[in-house]
Amino acid sequence: MSTAPAGAAPGAKTRIEYDDTPVRHFMIASIFWGIIGMLVGVLIATQMGVWQANFTTSWLTFGRLRPLHTNAVIFAFVGNMMFAGVYYSTQRLVKARTASKLLSRIHFWGWQLIIVAAAITLPLGLTRGKEYAELIWPIDIAVALIWVVFGINFFWTLARRNEPSLYVAIWFYIATIITVAMLYIVNHLSIPTSWTHSYPIFGGVQDALVQWWYGHNAVAFFLTTPILGIMYYFLPKAAERPVYSYRLSIVHFWSLVFLYIWAGPHHLLNTSLPVWLQSLGMIFSLMLWAPSWGGMLNGLLTLRGAWHKLRTDHVLKFFVAAVTFYGMATFEGPLMSIRSVNALSHYSDWTIAHVHGGALGWNGFMAAGLFYWLAPRLWRRPLHSPAAANMHFWLGTVGILIYMLSMYVSGITQGLMLGATKESGTVLTYPNFLDAVTSTKVLMHVRALGGLMYLIGFVMLAWNIWKTARGAEAVNGSADVFIPEKPPRLGIVGGFLNAPVIYTLLLLIFISGWAALPGAWSALCLVATFGTFAMMSMNFEFSQKGWSEWHEKMLANALPFTALAVVAVFIGGLVQIIPTVMVNTAKSIEGVRQIPYTPLELAGRDIYIREGCYTCHSQQIRTLVGDVLRYGEYSKLGESIYDHPYQWGSKRIGPDLAREGGKYPDSWHYFHMRDPRQISPGSTMPNYPWLFTDKTDLAALPNKISVQRKIGVPYPPMTDVEIQKSCDADAARIVASLKAAGAEIAPEREIVALISYLQKLGKSEKVVPAEAAKTAAK
């Protein structure tokens with residue numbers, strides 16, 4: 001069972017028994033959590049068309065369940081599926097048993113406990129308020145620790161390998177482990193105010209950029225690269241054909257790793273984000289077309305000579321459909337990063353269609369194909385019902401198509417209606433936001449139907465796997481291996497000082513300069529980009545053998561390979577984040593600056609985040625005619641500088657709230673939160689009766705304000721008594737206003753704090769630029 005006998009000479013033969021117990025555990029967990037996540041997804045899809053499905057219960061509202069759905073699907077369903085595929089394939093590819101059985105157990109049970117903790121805390125409203133990063137700080141630490149356990153076990157196994165060269169799937173696993181660790185840690189940097197609450201150290205535009213640097217690349221390096229590694233191993237196995245092109249897999253991997261990390265800003269087009277960063281994100285997103293489709297074609301063409309198997313092989317059906325959905329999603333993603341297309345698609349259901357095409361089609365079908373392939377091998381018994389697996393495939397396919405088509409129609413309808421103008425672009429054609437809601441309501445029902453069909457298909461998979469495993473013997477794979485000779489060492493220096501790396505770094509520098517620098521410098525960088533590319537092409541043409549030998553040496557030396565992957569992803573993050581860290585300060589922002597929240601407003605903001613209001617409302621007016629006519633002047637960089645976390649949002653189920661303050665009287669918000677349809681007929685927003693009975697947690701404010709000061713919000717020193725007096729004064733003013741309108745409420749209720757926050761939105765102060773101030777002084 002050991003990797004090799006102690007002191008075994010190179011060339012000696014030994015037999016290895018793999019440890020497939022973690023594979024079985026992670027597969028079963030993935031199926032279980034997948035059904036839970038999809039069930040919650042069907043419920044929140046139903047809530048979009050039937051507001052009563054919120055059940056007037058705080059922990060069942062859309063705003064609290066939507067984060068539960070996304071986290072369950074990403075980290076519980078796909079995460080467990082990824083671990084199952086990695087543990088199974090890595091042992092076979094490196095011809096070594098997993099290094100530590102103990103670490104595998106800690107990894108499995110630790111990950112499941114994290115999921116359970118998330119399933120409890122998110123419905124309770126314990127959240128950080130950042131998409132795909134909602135988990136509270138103690139759980140974040142647990143995620144990081146368990147990920148480190150996984151990484152140690154993986155790299156330890158690589159160090160004990162009996163296969164000198166690293167296969168392409170291992171490349172993708174390495175990139176996943178190091179990049180997810182970096183992304184997760186940076187985006188989750190927070191200062192706690194209690195055991196269940198914290199504020200991120202980043203705020204405003206800086207937080208927005210860091211969030212989507214993480215959010216976009218979480219999709220890239222958690223939902224894409226490890227699944228591509230699984231594709232490169234299991235698809236050839238299922239097709240009984242070698243990978244179509246080894247060279248194409250090299251281009252696919254390195255291009256994806258170098259380019260993907262730069263594309264996050266395309267989630268923030270037409271916003272307050274500096275234009276050069278928007279351009280950078282768009283450029284690199286468009287460049288992703290080539291490697292993404294290269295990978296898709298490499299997968300599909302692996303089936304050359306085996307296409308006839310699709311008629312009868314249920315595993316190949318799922319794999320081929322998954323790779324096709326991957327191609328569709330990676331074509332659509334760059335398309336949506338074009339600024340004019342993004343103006344239509346962003347904040348609409350088009351984005352929902354795009355995301356679910358990847359999640360259900362790519363991740364979900366790859367998981368199904370993987371599980372159907374693994375089950376007979378893990379329990380040494382044929383799949384119980386291939387016919388049911390085929391039925392699952394067609395039910396899932398039709399469900400995805402119904403879901404996506406309904407969301408495409410809904411999204412384009414929303415984008416066109418909310419952006420439509422008349423009278424030469426000076427008047428909105430549909431001034432009432434609810435027009436877009438009511439016109440697409442029937443499509444919400446169609447969406448829920450498609451999701452339900454997909455869920456039923458997955459329940460069929462669970463039944464099929466259970467029947468296959470029931471009463472069968474769980475078995476571990478084994479193989480005869482030969483002890484290899486030690487490969488020549490390359491070292492870190494040898495891995496970096498070579499033509500491929502140097503030319504690539506120069507290209508990244510010049511492209512960044514072209515996007516960021518003004519005037520002549522930008523043009524010069526553009527010329528340098530083309531010149532460097534031409535020189536690199538010539539060097540490759542005349543030195544192909546040298547490039548190939550260098551890469552083969554890298555594959556036999558995991559350390560320099562890993563180090564180069566780290567540098568590839570690290571550079572893109574630094575180029576994007578460091579300039580924004582310097583810009584996002586009160587001293588450097590010109591024009592307007594956000595007025596810090598009063599203590600009661602801060603308490604109301606935390607209630608807003610707790611209820612998940614950011615999942616339905618944005619706080620960012622884009623530089624588009626439709627947005628400006630509907631919501632007011634477009635948002636400025638300084639207007640959200642003290643927002644920790646930022647609240648720009650990514651979906652508008654309701655209207656933007658960036659300038660909501662003072663737009664309506666206090667009583668409007670009071671009655672709207674009690675019964676939205678009383679104020680806005682046709683609204684799908686749930687009622688919030690608990691806000692009228694629960695008390696605001698004012699006792700937590702001293703710690704919260706102390707942390708806010710540490711992260712740069714200019715609060716003056718305040719005693720507990722001063723904080724209480726400030727809250728009492730704000731609450732008394734709102735209670736008096738409500739009483740005058742016929743609504744009586746106690747000042748300590750949460751609705752009062754929430755109204756206080758909503759009425760502050762959009763309030764800022766003019767800031768005189770430093771240069772103008774000096775001139776005026778003279």
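This is a predicted model: local features need pLDDT of at least 70, side-chain atom pairs count only at pLDDT 80 or more; totals for chains, interfaces and linings use all residues.
Trainee: Which kind of pair do tyrosine 670 and phenylalanine 692 form?

Mentor: A pair of aromatic rings is described by the distance of the centres and the angle of the planes. For tyrosine 670 and phenylalanine 692 the centres are 4.9 Å apart and the planes stand at 90°, so the pair is edge-to-face.

Trainee: How many residues apart in sequence are the parts that this pair ties together?

Mentor: Tyrosine 670 belongs to helix α24 (residues 666-674); helices (H or I, at least four residues) and strands (E, at least two) are DSSP runs, numbered from the N terminus. Phenylalanine 692 belongs to the loop between α25 (676-679) and α26 (701-710), so the parts tied together are apart in sequence by 22 residues.

Trainee: Is tyrosine 670 buried or exposed?

Mentor: Buried means under 20% relative accessible area, exposed over 50%, and partly exposed in between (1.4 Å probe, protein chains only). Tyrosine 670 has a relative accessibility of 6%, and therefore counts as buried.

Trainee: Which residue has its charged end over the ring of tryptophan 51?

Mentor: A charge sits over a ring if NZ of Lys or CZ of Arg is within 6 Å of the ring centre and within 35 degrees of the ring normal. At 3.6 Å from the centre of the tryptophan 51 ring lies the charged end of arginine 677.

Trainee: Which element gives the most to the lining of the largest pocket?

Mentor: On a 1 Å grid over the protein atoms alone, a pocket is an open set of points where a 1.4 Å probe fits, with protein on both sides within 12 Å along at least five of seven lines; lining residues have an atom within 4 Å of a point. The largest pocket has 32 lining residues, and Val251 is among the closest to its centre. With eight residues, the element that gives the most to this lining is α8.

Trainee: Which element gives the largest share of the lining of the second largest pocket?

Mentor: The second largest pocket is lined by 38 residues, with His672 among those nearest its centre. The largest share, four residues, comes from α24.

Notes: Residues are numbered from 1 along each chain as its sequence is written. Side-chain values use heavy atoms; hydrogens and water are left out. Rings of Phe, Tyr and Trp (its six-membered ring) pair if their centres lie within 6.5 Å; planes under 30 degrees apart count as stacked, over 60 as edge-to-face and the rest as tilted.
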